[in-house]
Amino acid sequence: MLHNLQPSENAITDAPDWPRVPVAQVYGRLTRVNGLLLEAVGCQLGMGDRCHIECRDGRLIEAEVVGFNRETLCLMPIEHTSGLMPGSRVMPLAEQVMIPVGSSLLGRVLDGLGQPLDAFGPLKNSQSVPLCNNTTNPLLRKPIREPLDVGIRAINALLPIGRGQRLGLFAGSGVGKSVLLGMMTRFTEADVVVVGLIGERGREVREFIEESLGDEGRKRAVVIAAPADTTPLMRMRAMRLCHHVAAAFRDQGKQVLLLVDSLTRYAQAQREIALSLGEPPATKGYPPSAFAQLPSLVELAGNGQDPVGTLTAFYTVLTEGDDQQDPIADAARAILDGHLVLSRKLAEQGHFPAIDISASVSRLATQVADQAQLAQGHHFRHLNSRYNEVKELLPLGGYQAGHDPDMDLAVKSYPMMAQFLQQNTEQKFDLQQSLEQLSDLVERTGKE
């Protein structure tokens, strides 16, 4: 008896669970390690793709494609490369980079890969989204019209900031950048605070969490840390992660504050990668790609299309030797919406926060402040500027009162102005208090 040998339509579904044959794994080989740069052959990977490199002890190191030369791929590791050997296997990773978002991040400390650094265990009920650089149509961005209360009297009154603005905090080392960031973290009116500690000293991470944030501040904050001893690619990944997490909260309708310390370390990480690839240095050792990366990063911040959510960003910029013409500081000044300059001379005098009002500016002041506040701020700046003209002559007796009434008023008013600009780290002055005290000061200094 002949049987029908043609398979039925349901043959596949009716068949038992046959053992699956694993798909072949295609991998390449590591051929060279040159400083930070790894070279591999035998992999079909494109720019930005990821892979795993097998170490001698079986541990896998993640790396990313940052360039290629003919058939040779140039890789940059996320982790340190101890244990790599000639001919180590290089295995491509097909899945995209996923980043965690959602309220489960609040109160947590993460690394540049989105993995927890704290002792609270894995992230629970966390939604993950692909890490992609989607740009926002500039015509669809929410305009900046609402002032932001940062709790710092000098900023609220004289350098008004709008929700969605992006500002730089320019200073040399040891003049109070981190302390000022901590004050804004605690005092600013925001639903969510995202803090990025990129390329700074490792001890500052715990200090910032325990002293600057505190228990109350940590409940609404997400801290992403990649200290100076991490690889350049990890620092760059952490910086991008800060922006994408903050943007995710913004798109949920939250009022978000992003604080990044520091933008300079991000540029230095890009410099390390570019120089390893053979890119020629341009300005003070920085290759052209270091300056090209800054605008694309900063444009991730600011307001988006959501009619309610906002994202205000502060970036610290380290000015080497207090040089305000440092190439990174100069580039950042051109792409940000304003800058606050911290003066070492003021810091040495015990004047904190050491904000140099004459050198600082908010480019959106006219959009978020009324005419009365702008006029009072102009009067304050004028007197402060006149005093700076003669302050070096006062100890020497080189200034004689009575010749210039405007200058006499500036010298007489300076102690009151200096007191107005200073603020204890535990003091908070909301926007209304700051404006009232500015108005009172202007009346006392003879403003008609």
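Me: What makes strand β4 and strand β5 count as paired in this predicted model?
Reply: Two strands pair if there are at least two bridges between them. Strand β4 (residues 60–69) and strand β5 (residues 72–77) have six bridges, in the antiparallel sense. Therefore they count as paired.

Me: Which strands close into the barrel, and in what order?
Reply: Six strands do, in the order β1-β2-β5-β4-β3-β6. The pairing is antiparallel. Neighbouring strands of this sheet are turned by 45° against each other on average, with direction ignored.

Me: Which helix lies across β3, β4 and β5?
Reply: Helix α5 (residues 232–251) does. The helix runs at about 95° to β4. Strand β3 covers residues 50–54.

Me: How do you know that cysteine 74 is in no disulfide?
Reply: The two sulfur atoms of a disulfide must be within 2.5 Å. For cysteine 74, the nearest cysteine sulfur is that of cysteine 51, and it is 12 Å away. That is beyond the cut-off, so cysteine 74 is in no disulfide. The structure as a whole holds zero disulfides.

Me: Why is cysteine 74 called buried?
Reply: Buried means under 20% relative accessible area. Cysteine 74 has 10% relative accessibility, so it counts as buried. Cysteine 242 is at 0% and therefore counts as buried too.

Me: How is asparagine 303 classed, buried or exposed, and why?
Reply: Its relative accessible area is 3%. The limit for buried is under 20%, so asparagine 303 is buried.

Me: Where does asparagine 303 lie, and which residues does it touch?
Reply: Asparagine 303 lies in the loop between α7 (288–298) and β14 (310–318). Not counting residues up to four places away in sequence, its contacts include Arg141, Lys142, Arg163, Arg250 and Leu311.

Me: What makes the approach of asparagine 303 to leucine 311 close enough for a polar contact?
Reply: The cut-off for N or O atoms is within 3.5 Å. A polar atom of the asparagine 303 side chain lies 3.3 Å from the backbone nitrogen of leucine 311. The distance therefore meets the cut-off.

Me: Why do β8 and β16 stand at the edges of their sheet?
Reply: The sheet is open, with eight strands in the order β8-β12-β11-β13-β14-β10-β15-β16 and mixed pairing. β8 (109–110) and β16 (361–362) each have a single partner strand, so one side of each is left without a neighbour in the sheet.

Me: What makes β13 paired with β14 and with β11?
Reply: Pairing needs at least two bridges. Strand β13 (residues 255–261) has six bridges to β14, in the parallel sense. One of them joins valine 260 to tyrosine 315 of β14. Six bridges also join strand β11 (residues 192–198) to β13, again parallel. There, valine 193 has leucine 257 of β13 as its bridge partner. Both pairs therefore pass the test.

Me: Why is β13 called largely enclosed?
Reply: Seven of its seven residues are buried, so the rest of the structure largely encloses β13. Gln255, Leu257, Leu259 and Asp261 point one way. Val256, Leu258 and Val260 point the other way.

Me: How many domains does the assignment give, and what separates the centres of domain 1 and domain 3?
Reply: The domain assignment gives domain 1 (28–93), domain 2 (98–368) and domain 3 (373–446). The centres of domain 1 and domain 3, taken over C-alpha atoms, are separated by 60 Å.

Notes:
Residues are numbered from 1 along each chain as its sequence is written. This is a predicted model: local features need pLDDT of at least 70, side-chain atom pairs count only at pLDDT 80 or more; totals for chains, interfaces and linings use all residues. Side-chain values use heavy atoms; hydrogens and water are left out. Helices (H or I, at least four residues) and strands (E, at least two) are DSSP runs, numbered from the N terminus. Axes are lines fitted to C-alpha atoms, for helices over the stretch in contact, and angles run from 0 to 180 degrees between N-to-C directions. Contact means heavy atoms within 4.5 Å. Buried means under 20% relative accessible area, exposed over 50%, partly exposed in between (1.4 Å probe, protein chains only). A polar contact is a pair of N or O atoms within 3.5 Å; within protein, one must be able to donate a hydrogen and the other to accept it, and residues adjacent in sequence count only if both atoms are side-chain atoms. Domain bounds come from an automatic or database domain assignment.
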